[in-house]
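Trainee: Could we take a close look at a single part of this model?

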Amino acid sequence: MGRLVRFALAGGIGFVADAAALWLLLSATPLGPLGARALSIGFALCVTWQVNRRMTFSPSSRGIAQEGARYGGVGVATSIVNYMVYCALLFALPALPPLAALALASIIAMTLSFFGYSRLVFDR
């Protein structure tokens with residue numbers, strides 16, 4: 001149970017990083033909500049890898065490059081789900097603020113990512 005709580009905390013940190021990057025990109029660049037989110041997801045993925053390997057799961061027995069590649073693979077897969085849910089929400093509910101769509105999509109993706117990271121990356 002403790003690992004799940006730490007994972008949720010790491011996810012919260014990743015959410016803040018994602019939301020901050022999304023807000024910054026939307027307010028400081030000509031990118032729209034879809035393009036800005038594609039970049040903010042990448043930033044959040046880098047942040048959560050470092051938090052998860054130090055706080056949630058501990059570094060794996062693999063080298064950092066192999067661990068990073070596995071983390072990235074799971075992260076990209078769950079990020080695609082996250083992005084698809086985010087886009088679907090914005091298209092279905094045009095009045096929904098992008099940050100609200102981000103929150104809902106992130107909750108769904110978090111469930112998938114926990115199982116992927118714990119089984120395929122950190123072997124826990």
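Trainee: Which helices each supply at least two residues of the lining of the largest pocket?

Mentor: This is a predicted model, in which local features need pLDDT of at least 70 and side-chain atom pairs count only at pLDDT 80 or more, whereas totals for chains, interfaces and linings use all residues. Residues are numbered from 1 along each chain as its sequence is written, and side-chain values use heavy atoms, with hydrogens and water left out. At least two lining residues come from each of α1 (2-28), α2 (33-56), α3 (64-92) and α4, helices being DSSP runs of H or I with at least four residues, numbered from the N terminus; α1 gives the most, with eight. The pocket holds about 410 Å³ of space, and among its 26 lining residues Gly-11, Thr-48, Asn-82, Ser-106 and Ser-113 are the closest to its centre. A pocket here is an open set of points on a 1 Å grid over the protein atoms alone, where a 1.4 Å probe fits, with protein on both sides within 12 Å along at least five of seven lines, and lining residues have an atom within 4 Å of a point; its volume is the space filled by probe spheres set on the points, which are joined across faces, edges and corners. Leaving aside residues up to four places away in sequence, Ser-106 touches Phe-15, Arg-37 and Asn-82, where contact means heavy atoms within 4.5 Å.
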